[in-house]
Each structure stands twice: as structure tokens, then as C-alpha cells.
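The entries are kept in the order in which I made them.

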Amino acid sequence: MTEAKAGRQVLVTGYGAVTPLGHTVTETWTAMLAGRSGVDTVDAIDVTDLEVRIGGQVRGFTPGRYMPAMVSRRADPYAQYALAAALEACEHAGLVVDDHLAPRVAVIIGSGYGPVGSIYRAANRLRDKGPRAIGPFNQVTTAMDSAAGEISMRLGAQGPSRALSTACASGADAVGAGMRMISNGEADIVIAGGADACVTTVDLAASGNARALSKRNDDPAAACRPFDVHRDGFVMSEGAAVVVLEAAEVAERRGATALAELTGYGASSDAHHWTAPHPEGRGACLAVEAALRDAGITGSDVDYVNAHGTGTQLNDATETAVLRKVLGDRVTRIPVSSTKSMTGHMIGAAGAVELVASIQALRTGDVPPTINCDEPIDPDINFVPHRTQHHERMRTALSNSFGFGGHNAALVVRAV
């Protein structure tokens with residue numbers, strides 16, 4: 001459980017995203033507000049023999065727009081997405097890592113699965129063609145830290161560069177860890193986020209066999225149904241999101257524009273089951289309560305919740321109970337939405353994408369919808385069904401991320 005922080009104010013000054021809805025934050029946000037689904041029949045791999053044949057793919061992504069061919073040849077798609085999102089975030093923040101800044105700029109990228117596609121391809125190549133067919137960069141390409149490494153080398157960031165893996169909480173935990181580094185004085189700027197590219201045959205088969213995925217193959221856009229009575233599982237998706245975190249005084253010296261203040265982070269473990277949340281949401285409660293305490297607020301101060309909201313039977317019921325417990329009656333007076341209904345579940349990227357959506361909601365007053373929420377499991381909660389809603393005077397948002405293995409993380413962000 002995370003204790004209250006002491007130290008420097010942490011600002012978000014830039015962000016980038018590559019998602020099934022678009023290759024930038026603007027494209028992704030516009031699609032969210034339109035209630036458009038990025039879920040479709042998977043066509044990048046052969047899914048003929050799979051029980052689940054739908055997913056959220058990043059379509060039309062051109063690595064050459066973001067990196068030279070020598071990088072794209074060695075980098076797994078998850079690292080390519082992370083690098084593209086990081087470059088957008090730095091451009092958005094007006095951040096150029098010069099010799100003065102470099103030693104105090106860190107990189108943390110979370111991922112639930114890492115470069116699994118490259119791992120599978122290397123194993124097949126070894127089986128089919130033998131050891132001499134394995135390239136010298138394979139040990140780099142198939143490492144969990146490859147995304148962080150590519151970003152730090154491209155930007156010239158000489159502070160710590162790290163990989164972090166806590167399943168579906170990875171992106172949120174990476175941002176929280178970056179917040180701590182700045183607050184504690186370990187870094188001045190942290191490029192943090194999450195990435196995954198796990199729409200693969202193996203991962204669709206495994207999660208499908210675990211009965212965690214929606215089987216609505218005949219209607220992909222309606223498959224992800226968070227908080228709906230008729231939900232039947234999550235949808236596997238891919239992509240990345242990265243934010244630039246800065247100490248307030250550093251951002252001021254640079255003349256950077258603050259998009260939001262990151263005020264709270266909490267993390268916990270269920271210590272219960274590999275795939276099922278604790279039935280009473282004990283770990284999730286600990287994480288949310290810690291994040292609120294870290295931010296110096298209570299549940300009554302929260303104006304919007306971007307829920308974990310996967311569309312599975314257990315998660316959505318448990319998260320609803322957690323929100324009622326931690327926020328009390330406040331949860332019935334504020335919008336609570338799940339953008340996974342449109343993006344699908346981007347695993348390690350999810351928490352970072354959803355933080356971006358939370359900040360956008362605070363900045364614009366527009367709350368993205370929970371599409372496919374036809375019959376809410378709790379009619380007293382405003383799950384923002386189907387269509388975007390506009391809410392004035394939203395100051396504080398809570399973003400939840402709960403993952404397999406009982407990993408829980410929550411972030412609190414405040415408007416500036």
C-alpha cells in the first residue's frame with residue numbers, strides 16, 4: 001500500500017498515444033467522443049481455428065514515420081508503439097533532451113506481455129531453420145526493457161530507464177513510479193507509460209481458454225460491454241500511451257504548459273487468485289484509498305472516474321462495489337465511464353491511455369461514453385451510456401487499473 005508522498009509537485013506536460021482508435025491522442029480522443037469502437041475481426045494473424053476471433057488492432061501503423069528502418073527491423077511492435085507515443089508526448093510537451101537535462105530525464109515503460117510476438121517468431125524460426133537463423137539483436141528485441149531502451153536511446157535520456165510489469169496495471173504503475181521519482185528527487189522529468197502488442201494467436205487462445213474473453217465474434221463492435229448486465233468478457237487489444245511528467249519548477253523554467261497535476265498514486269495486491277479479483281475487492285479498495293490519501297482528498301472530492309471496466313462478470317461487479325464503498329453516495333452523482341468499451345483492453349497500455357482520457361475529460365468537460373452499456377448493472381450510477389456527456393466544473397479524476405495476479409493501481413489527477 002502506498003503511503004502519502006512528500007516532495008515536489010508533479011505536472012503532466014505532454015502525452016502521446018497509439019491505439020485501435022488512432023495513432024495520436026487527437027485521433028483517439030475524437031473517436032472516443034464519437035463513441036466509435038476500435039474492435040473488429042482480427043486479420044493480422046490467422047484466427048481460423050480460434051474460438052475468439054476479435055480484438056483491437058492498431059491498423060495502418062507505419063513505423064517509418066517514427067523511426068529508421070534499422071530500429072523498426074529489430075523492435076517488436078509493442079516497442080514501436082511505445083516509441084511513437086513517446087515522440088508525440090515529447091513534441092506535445094516541447095521537450096528536447098539536451099546535455100543539461102539528459103542526466104535528470106528518466107524513462108519507465110510498463111507492459112503486461114512485452115515483446116511476445118518477437119519471442120514467438122524467434123522460437124518458430126529456431127525450430128524451423130536452426131540456431132544460425134537467430135539474429136544478433138534477438139536478445140534485445142525479446143527483452144521486456146526494449147521499449148524503454150529504444151526511447152532512452154532515441155531521446156538521449158540518461159537518467160534511469162526501466163521496464164515494469166504488473167499485468168493490466170502496468171501502465172498506471174509506470175506513471176505512478178515516475179511520479180515518485182520526481183517527488184523524491186531522483187529525476188526531474190520522467191517519460192512514463194505503457195505498451196503492449198499481444199493480439200497474437202497464443203494470447204487469444206490462452207485468454208479464450210481461460211474464459212476471460214468475449215465471444216461475440218459476429219458483432220465485434222458490441223463485444224466489449226463494461227457494466228452491462230449481458231457482458232461476457234474483455235476484448236484483447238494493443239497499443240501504447242506515454243506521458244511526460246515534470247517537476248513543477250522544471251516545467252516553469254522550460255516554459256512548458258501544464259496539462260494537469262498528478263496528485264495521487266496507490267498500489268496494492270489482492271493476494272488472492274491469478275485471474276479472479278478478490279470477491280470483496282479488498283486489494284482494489286486499498287489501492288484507491290491509498291491514491292486518494294496520497295492526493296490529500298476523500299471520495300467526496302472525485303468528479304469523474306475512468307473505471308477499469310473490462311466487461312468481465314467478476315471485474316465489473318467488484319469494481320462497482322469498490323466505488324460504492326470508497327466514494328459513498330458521491331459515486332451516484334458523478335460520471336463513471338469505461339473507455340475500454342471502445343479501445344478494448346490494451347493490457348499494459350490501458351492505464352496510461354485511460355489517464356490521458358481522464359486528463360482530456362478534465363480539460364474539456366467532455367466525458368467519453370461507455371458504449372454497449374444497454375442495461376447497467378447498477379442503475380443508480382451514471383456509467384455515461386452510449387454518448388458523450390458534458391460536465392462543468394470537474395476538477396479531480398480517478399483512474400483505476402486492476403490486473404491478473406491481483407495487481408491494483410489507481411491514479412488521481414487534478415485540473416490546473
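The entries below begin with the basis of the model and end with single residues.

**Basis.** I worked on a predicted model, in which local features need pLDDT of at least 70 and side-chain atom pairs count only at pLDDT 80 or more, while totals for chains, interfaces and linings use all residues. Residues are numbered from 1 along each chain as its sequence is written, and side-chain values use heavy atoms, with hydrogens and water left out.

**Domains.** I looked up the domain assignment of the protein chain and noted domain 1 (10–254) and domain 2 (265–415); such bounds come from an automatic or database domain assignment. The contact between them takes 62 residues from domain 1 and 58 residues from domain 2, where contact means heavy atoms within 4.5 Å. I recorded 21 Å between the centres of domain 1 and domain 2, taken over C-alpha atoms.

**Cavity.** I then searched the whole structure and found 1 cavity of 30 Å³ or more. On a 1 Å grid over the protein atoms alone, a cavity is a set of points where a 1.4 Å probe fits but cannot get out; a pocket is an open set with protein on both sides within 12 Å along at least five of seven lines; lining residues have an atom within 4 Å of a point. Grid points are joined across faces, edges and corners, and a volume is the space filled by probe spheres set on the points.

The largest cavity holds about 60 Å³ of space. I listed its lining as Ala17, Val25, Thr28, Trp29, Met32, Val353, Val356 and Ala357. Both α1 (25–33) and α13 (350–364) supply at least two residues of this lining, and α1 has the largest share with 4 residues. Helices (H or I, at least four residues) and strands (E, at least two) are DSSP runs, numbered from the N terminus. By class I noted 7 nonpolar residues, 1 polar and no charged; Ala, Val, Leu, Ile, Met, Phe, Trp, Tyr, Cys and Pro count as nonpolar, Asp, Glu, Lys and Arg as charged, and the others, Gly among them, as polar. The cavity lies between domain 1 and domain 2, because both give residues to its lining.

**Largest pocket.** I recorded about 490 Å³ of space in the largest pocket. Of the 31 residues that line this pocket, the closest to its centre are Thr275, Pro277, Thr312, Asn315 and Phe404. α11 (313–327) and β13 (396–403) each contribute at least two lining residues, and α11 gives the most, with 5 residues. The lining divides into 11 nonpolar, 16 polar and 4 charged residues. Domain 1 and domain 2 both give residues to the lining, so this pocket lies between them.

**Second largest pocket.** I noted a volume of about 420 Å³ for the second largest pocket. Its lining has 20 residues, and those closest to its centre are Ala44, Ile45, Arg121, Val199 and Thr200. α3 (77–93), α4 (116–129) and α8 each supply at least two lining residues, with the largest share, 4 residues, coming from α4. The lining has 10 nonpolar, 6 polar and 4 charged residues.

**Asparagine 372.** I located asparagine 372 in the loop between β11 (366–367) and β12 (389–390). Asparagine 372 counts as buried because its relative accessibility is 13%; buried means under 20% relative accessible area, exposed over 50%, partly exposed in between (1.4 Å probe, protein chains only). Its side chain reaches the backbone oxygen of alanine 221 at 3.0 Å. Beyond neighbours within four places in sequence, its contacts include Ala222, Asp228, Ser341 and His386.

**Arginine 216.** I placed arginine 216 in the loop between α8 (201–209) and β7 (239–247). Its relative accessibility is 25%, so arginine 216 counts as partly exposed. Leaving aside neighbours within four places in sequence, arginine 216 is in contact with Ile54, Ala222, Ala223, Arg225, His230 and Asp232.

**Serine 170 and valine 107.** I found serine 170 in helix α7 (residues 170–183) and valine 107 in strand β4 (residues 105–110). Serine 170 counts as buried because its relative accessibility is 0%. Valine 107 counts as buried at 0% relative accessibility.

Note on methods: A polar contact is a pair of N or O atoms within 3.5 Å; within protein, one must be able to donate a hydrogen and the other to accept it, and residues adjacent in sequence count only if both atoms are side-chain atoms.
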